[in-house]
Amino acid sequence: MSRYQSWGRYPKVLQSARVLAGSGARLDLAAGECVLPFGNGRSYGDSCLTGGTLLDTAKLNRIIAFDTETGVVRCEAGLLLCDLTAATLPAGWFVAVTPGTQYVTIGGAIANDVHGKNHHVRGTFGAHVRAFELLRSDGTRRVCSATANAELFAATIGGLGLTGLISWAEIQLMPVASSTIDQTITPFANLADFMELAVACDATHEYSVAWIDSLASGANLGRGLYIKGNHAREADARGAASSGQRLSVPFELPVPLIGTTTLRAFNALYRRQTLGREKSASVGYRPFFYPLDAIGGWNRLYGPRGLLQHQSVVPLGPGLSVVAELLERSQRAGFGSFLTVLKVFGANASPGLLSFPMPGLTLTLDFANSGPAVFALLDQLDEVVLASGGRINPYKDARMRPATFAASFPGVSQFRAHIDPAFCSLFWTRVAGAA
Ligand SMILES: Cc1cc2nc3c(=O)[nH]c(=O)nc-3n(C[C@H](O)[C@H](O)[C@H](O)COP(=O)(O)OP(=O)(O)OC[C@H]3O[C@@H](n4cnc5c(N)ncnc54)[C@H](O)[C@@H]3O)c2cc1C
């Protein structure tokens, strides 16, 4: 199985790649060659794939400097988040924003300006980046920050790898007393109850997210579990309290294991973990932030045609009714989303020109790629989201239409000026190439 595929495993396009030797390496492109940096392929769709050559950053994995007094770390861009955390957490420093997997690179986290369970408090990953060096195809190396090459800085954060190759980045980490999270899981009956919990808890909790039972309907539409947490105040053996990867899906399954029957069983089991009551526990940071990492290669459960993720964000005003409509349309079309996640994004402005988050409700739906009917449903969901003033996440996407992308991101025309002419992705060619 090739390393060079996206997490959704759709589309399947053979990729050629060149492994960069280190952050001092030059790009040395052939005339007319088109390239795209590759982190660790944890993007779901085609934004990490190219019709040209991938520049694999796996060997750009050194920590260059770490100041344990200030929590400022400078590292090469191919460093995995798990390796950064292993080095800094014992000294009491953790990334201010982490996505739901620790197997992303720092370059990938910047290029997608990723968000986490504390968006309502800390905004996106890019908000904590102090500077980075960008290698352009003309051979220049540009150090970018909020004050130096500021426009290129903003275009590169959330810039989907199209503005050049980030060789190193300097990041401000967050002090934590403990790697343990004091977690509370609260069952809720429907979307209105979710919103009440979010309003009450987001003021007091660093982290929050809700799992939704996508098959519940009627008065129970949007029922689920609200998961909130804070770093424990007590010092501990930081990083030691958590478990690593336990299970793995060893080979590609010939058919998807994800269907309505398995989904019903999974949802019932998941919901029953609290037995209908609020449940509190201290948990390690890995099971709290990265529960899916415990099952290596879980994306293969979706079968050979892969999975399609649909993440939208819609303004708070119409938010709940839009989320209800997205869930109902999926149910009516006969597609249950396997893992359905709902969260309130806060008001912190994203630093990137094309950053996905905006204030509102973000809903993430996962569907097996079962053929044309699921694509038709996803087009319908896009329309509902756009009509409400919302947008679709590009780095989870493999099929949105150019008009959907243009309507989602008005900053695109400003962004174009910063694209490196030798950089291209399948995503960009598909949604924005012709404009
Ligand atoms: C289980 C799971 C949970 C997830 N949870 C979340 C979540 O909670 N929040 C969230 O926001 N995302 C989430 N994601 C998505 C993931 O965090 C992002 O797609 C992330 O950016 C992937 O990083 P990567 O290193 O694998 O980069 P890749 O997927 O390989 O590449 C991502 C983009 O970054 C560019 N890039 C990579 N390296 C560089 C570089 N050195 N210089 C310039 N550009 C570069 C690539 O060209 C590409 O456009 C999740 C993904 C998975 C699989």
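Leu 342 touches Phe 194, Ala 210, Ile 212, Val 323, Leu 361 and Leu 363, leaving out residues up to four places away in sequence. Keep in mind as you look around that this is a predicted model. Leu 342 belongs to strand S18, which covers residues 341–345. It counts as buried because 23 C-beta neighbours lie inside 10 Å, and the cut-off for that class is 20 or more.

Val 341 also lies in strand S18. Is Val 341 buried or partly exposed? Val 341 counts as partly exposed, because it has 19 C-beta neighbours inside 10 Å. The residues that Val 341 touches, again not counting those up to four places away in sequence, are Val 209, Ala 210, Trp 211, Ile 212 and Thr 364.

| Residue pair | Apart along the chain | C-alpha separation |
|---|---|---|
| Leu 342 and Asp 56 | 286 residues | 33 Å |
| Val 341 and Ser 330 | eleven residues | 14 Å |

**The sheet around S18**

Where does strand S18 sit among its neighbours? It is part of an open sheet of eight strands, ordered S15-S11-S13-S12-S18-S19-S17-S20, with antiparallel pairing. The edges are taken by strand S15 (279–283) and strand S20 (391–392); each has a single partner strand, so one side of each is left without a neighbour in the sheet. The partner of S15 is strand S11 (residues 181–188), and five bridges link the two in the antiparallel sense. Within this pair, Thr 184 stands opposite Ser 280 in S15.

Beyond its neighbours within four places in sequence, Val 323 is in contact with Leu 191, Gly 222, Leu 342, Leu 361 and Leu 363.

**A second sheet and a parallel pair**

Another open sheet has five strands in the order S4-S5-S9-S7-S8, and its pairing is antiparallel. At its edges are strand S4 (63–67) and strand S8 (141–145), each pairing on one side only. On average, neighbouring strands here are turned by 10° against each other, direction ignored. S4 is joined to strand S5 (residues 72–76) by four antiparallel bridges, and Ala 65 stands opposite Arg 74 in S5.

Strand S2 runs parallel to strand S3 (residues 53–56), and four bridges join them. Here Val 35 stands opposite Thr 53 in S3. S2 is covered on both faces: Val 35 and Pro 37 on one side, and Leu 36 and Phe 38 on the other, are all buried.

**Around the ligand**

Which residues come nearest to the ligand? Among the 33 residues around the ligand, these are Gly 39, Gly 100, Gly 107, Gly 108 and Gly 161. Strand S2 (35–38), helix H2 (106–111) and strand S9 (165–172) are the elements giving two or more residues to this shell. H2 gives the most, with four residues. Sorted by class, the shell contains 16 nonpolar, 16 polar and one charged residues.

Notes
Residues numbered from 1 in each chain as written. Predicted model: local features only at pLDDT ≥ 70, side-chain atom pairs only at ≥ 80, totals over all residues. Near = placed C-beta within 6 Å. Nonpolar A, V, L, I, M, F, W, Y, C, P; charged D, E, K, R; others polar. Pairing = 2+ DSSP bridges. Contact = placed C-beta atoms within 7 Å. Buried ≥ 20, exposed ≤ 12 C-beta atoms within 10 Å, placed from the backbone. Axes fitted to C-alpha atoms, helices over the stretch in contact; angles between N-to-C directions.
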